Amino acid sequence: MANKAKKNDKSRFDFSDSTTAIRKTAKSINAQVQETANEIVEDLKENGTQLADMAMEPVKKAYDKVADQINWEYLDLAKATKKANNFVFDTTEEIVDGVLENGPKWQGVAEKAINGGLKLAAKQQDMMFDTLETVKGQFVKSSKRFQKLLSNKAN
């Protein structure tokens, strides 16, 4: 709401309360955008854990399969160790390749989400300021009409 301006100058109004409210609203919107961005980052971290779990699932299945096929009585420890090392090395390469392939995709998704949120906040702020400018213009115009009306009735 506009406060009365200087007592001597009735054609001007003080919009300091309105601008303070606008600043508080803008800060609130910015805080919401930041909170949303943080939630997106947390979701990405959570999905990263799920990705790692999904990558480890074939490793666990393969291990279980190999472990079931081993005849423990006739086990040659050197051959088994070499085979296990090769298997672990190959599986690790597959996991790393998968992470390297999908990591940039997740980063792209996060970047789009954050940029979209920031663009939305900017548009909301622009709309708010445009609306306030329009209201201010209408208020000033109406106050001039009101002053003319009162000055005509006073005569």
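**Close-up views of the predicted model**

Glu39 belongs to helix H1, which covers residues 16–69. The legends below describe a predicted model, beginning with the chain as a whole and then turning to single sites.

**View 1. Overall arrangement of the protein, with its 2 helices and 2 strands.** Followed along the sequence, the elements come in the order β-β-α-α. The protein has 155 residues, of which 10% count as buried, and its exposed surface comes to about 13,200 Å², with 57% of this supplied by carbon and sulfur atoms. When contacts between residues at least 6 apart in sequence are considered, 71% of them join residues that are at least 24 apart.

**View 2. Negative surface patch that includes Glu39.**

**View 3. Ala121 and its contacts with Ile29 and Val33.** Ala121 is placed in helix H2, and its relative accessibility of 5% is the reason why Ala121 counts as buried. With residues up to four places away in sequence set aside, Ala121 touches both Ile29 and Val33. Although Ala121 and Ile29 are 92 residues apart along the chain, a separation of 6.6 Å is found between their C-alpha atoms.

**View 4. Gln125 and its contacts with Ala26 and Asn30.** Gln125 is another residue located in helix H2. Is Gln125 buried or exposed? Its relative accessible area is 17%, so Gln125 is buried, the limit for that class being under 20%. Once neighbours within four places in sequence are left aside, the residues in contact with Gln125 are Ala26 and Asn30.

**View 5. Leu118 in helix H2, shown together with Gln34.** The C-alpha atoms of Leu118 and Gln34 are separated by 8.7 Å, while the two residues are 84 residues apart along the chain. Leu118 is partly exposed, because its relative accessible area is 46%.

**View 6. Salt bridge between Glu101 and Lys105.** A search of the whole structure finds 1 salt bridge. Side chains of opposite charge can pair when their charged atoms come close. In the pair shown here, the closest N and O atoms of Glu101 and Lys105 are 4.0 Å apart. Both residues lie in helix H2, with a spacing of 4 residues that corresponds to about one turn of the helix, and both Glu101 and Lys105 are exposed.

**View 7. Patch of positive charge on the surface, with Lys148 as one of its members.** The patch gathers Lys141, Lys144 and Arg145 together with Lys148. Lys148 is located in helix H2, and its relative accessible area of 58% is why Lys148 is classed as exposed, a class that requires a value over 50%.

**View 8. Nonpolar surface patch formed by Phe146, Leu149 and Leu150.** Together, the three residues Phe146, Leu149 and Leu150 have about 300 Å² of accessible area. Phe146 is found in helix H2, which spans residues 77–154.

Technical notes. Residues numbered from 1 in each chain as written. Predicted model: local features only at pLDDT ≥ 70, side-chain atom pairs only at ≥ 80, totals over all residues. Heavy atoms only, no water. Patch = residues over 30% accessible without salt bridge, like charges linked within 9 Å, V, L, I, M, F, W, Y side chains within 5 Å. Areas by Shrake-Rupley, 256 points an atom, 1.4 Å probe, with all protein chains shown as cover. Salt bridge = Lys/Arg side-chain N within 4 Å of Asp/Glu carboxyl O. Lys, Arg positive; Asp, Glu negative; His and termini not counted. Charge placed at Lys NZ, Arg CZ, Asp CG, Glu CD. Buried < 20%, exposed > 50% of the residue type's maximum accessible area, 1.4 Å probe, protein only. Contact = heavy atoms within 4.5 Å.
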